[in-house]
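Please read it alongside the structure shown here.

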Amino acid sequence: MLAPSAMAGFITPESGGSPNADQIDSLYKIILYIAAVVFVGVEGALIYSVFKFRAKRNKVAAQIHGNTRLEIGWTVGAALILVILTVVTFVKLPSIINPPNSTASGSFLSASLNQPTPPNGKKLTVCVQGRQYIWRYTYGNQCLNDAFASKLPYSYQQMVVPAGVTVILDIQSTDVIHSWWIPKLGGKVDAVPGYTTYTWFKAPKPGVIYPGQCAQLCGRQHAYMTARVKVVTPAQYTQWASSQENQIVKANDQVTQLRQILTSNGNL
Ligand SMILES: [Cu+2]
């Protein structure tokens, strides 16, 4: 338990999978360390005073009244700590909220105006749809308004993404509130029926799978509503997306054939 690797991310947010996750983690640590210094100072003064002025040695308590310099000192000191925390937070926030440019390139990259967008506009959009009790992912810029007509590839539970590419997630829910959360890829974002929420991540290297879990109690099978993000190379992603498209077309054709057979039999 005490080994550094086992303790990594134990009391602090997980990181390493995406720049926003790293920024969240470092902001959390800065605040945690400042808070730890304050905690040790306050508790230390308390314990010191309890022993120094214990009743056994001081039968009659010393009557002290007011100390202007001390009072101004701890008021200004506390205010200063809050100002520092506020400034550090606001300096860090943009790198958590705003998606950066993709470092890799590929034909799947696209631009659009109605989502958070990297400065150069190039990104991969994935629509994330929460439903009791599985995540569905639709890949491509049209996923929010034209997924069926554009016959976009989709998958369930496991998302496949290219490394080095800024992935923008458009998150929706079809039933109750769910929450998209892959700890190593940044903060959690609620999937709220009737709304679209957004987040992003940019995974640095291929060959990694990041596990996650729906983070809102959404019903009796909530615990089984897991998610995985599999990072591959841009070339592997293009190949995967087209093979996924083919498989979906094939499966749809089979259903159409079956429907024809059942209809001609009079069984449908
Ligand atoms: Cu859920």
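Lysine 184 and glutamate 14 form a salt bridge, with 3.5 Å between the closest N and O atoms; a salt bridge here is a side-chain nitrogen of Lys or Arg within 4 Å of a carboxyl oxygen of Asp or Glu. Lysine 184 sits in the loop between β6 (178–180) and β7 (189–191) and glutamate 14 in the loop between α1 (4–7) and α2 (19–52), so the pair ties together parts that are 170 residues apart in sequence. The model is predicted: local features need pLDDT of at least 70, side-chain atom pairs count only at pLDDT 80 or more, and totals for chains, interfaces and linings use all residues. Residues are numbered from 1 along each chain as its sequence is written, and side-chain values use heavy atoms, with hydrogens and water left out.

**Salt bridges**

- The search of the whole structure finds 2 salt bridges.
- Side chains of opposite charge can pair when their charged atoms come close.
- Lysine 184 is partly exposed at 33% relative accessible area, and glutamate 14 is partly exposed at 32%. Buried means under 20% relative accessible area, exposed over 50%, and partly exposed in between (1.4 Å probe, protein chains only).
- Aspartate 25 forms a salt bridge with lysine 29, and their closest N and O atoms are 2.9 Å apart.
- Both aspartate 25 and lysine 29 belong to helix α2, 4 residues apart, which is about one turn of the helix. Helices (H or I, at least four residues) and strands (E, at least two) are DSSP runs, numbered from the N terminus.
- Aspartate 25 is buried, with a relative accessible area of 7%, whereas lysine 29 is partly exposed at 26%.

**Disulfide and cysteines**

- The whole structure holds 1 disulfide by this search, a disulfide being a pair of cysteine sulfur atoms within 2.5 Å.
- Cysteine 127 and cysteine 143 form a disulfide, with their sulfur atoms 2.1 Å apart.
- This pair links distant parts of the chain, 16 residues apart: cysteine 127 is in strand β1 (residues 124–131) and cysteine 143 in the loop between β2 (134–139) and β3 (154–156).
- The angle about the S-S bond is 70 degrees, and the link of cysteine 127 and cysteine 143 is right-handed.
- Cysteine 127 and cysteine 143 are both buried.
- Cysteine 214 counts as buried at 1% relative accessibility, and cysteine 218 counts as buried at 5%.

- β1 and β2 pair in the antiparallel sense over 6 bridges; two strands pair if DSSP finds at least two bridges between them.
- A hairpin of 2 residues joins β1 to β2.
- Valine 128 stands opposite tyrosine 137 in β2.
- β2 also pairs with β3 in the antiparallel sense, over 3 bridges, and arginine 136 has tyrosine 156 in β3 as its bridge partner.
- Of the 6 residues of β2, 5 are buried, and the strand is mostly covered.

**Open sheet β4-β10-β9**

- An open sheet of 3 strands runs in the order β4-β10-β9, with mixed pairing.
- β4 (158–162) and β9 (208–213) stand at the edges, each with a single partner strand, so one side of each is left without a neighbour in the sheet.
- From one strand to the next, the twist averages 20 degrees. Axes are lines fitted to C-alpha atoms, for helices over the stretch in contact, and angles run from 0 to 180 degrees between N-to-C directions.
- The antiparallel pairing of β9 with strand β10 (residues 226–232) covers 6 bridges, and threonine 226 in β10 is the bridge partner of glutamine 213.
- Helix α4 (residues 234–265) packs on the sheet, touching β4 and β10, and its direction makes about 130 degrees with that of β4. Contact means heavy atoms within 4.5 Å.

**Threonine 174**

- Threonine 174 lies in the loop between β5 (167–173) and β6 and is partly exposed, with a relative accessible area of 46%.
- Leaving aside neighbours within four places in sequence, threonine 174 is in contact with Gln129, Gly130 and Arg131.
- Threonine 174 and tyrosine 139 are 35 residues apart along the chain, and their C-alpha atoms are separated by 18 Å.

**Confidence**

- The chain has a mean pLDDT of 90, and 96% of its residues reach 70 or more; pLDDT is the predictor's confidence in each residue, from 0 to 100.
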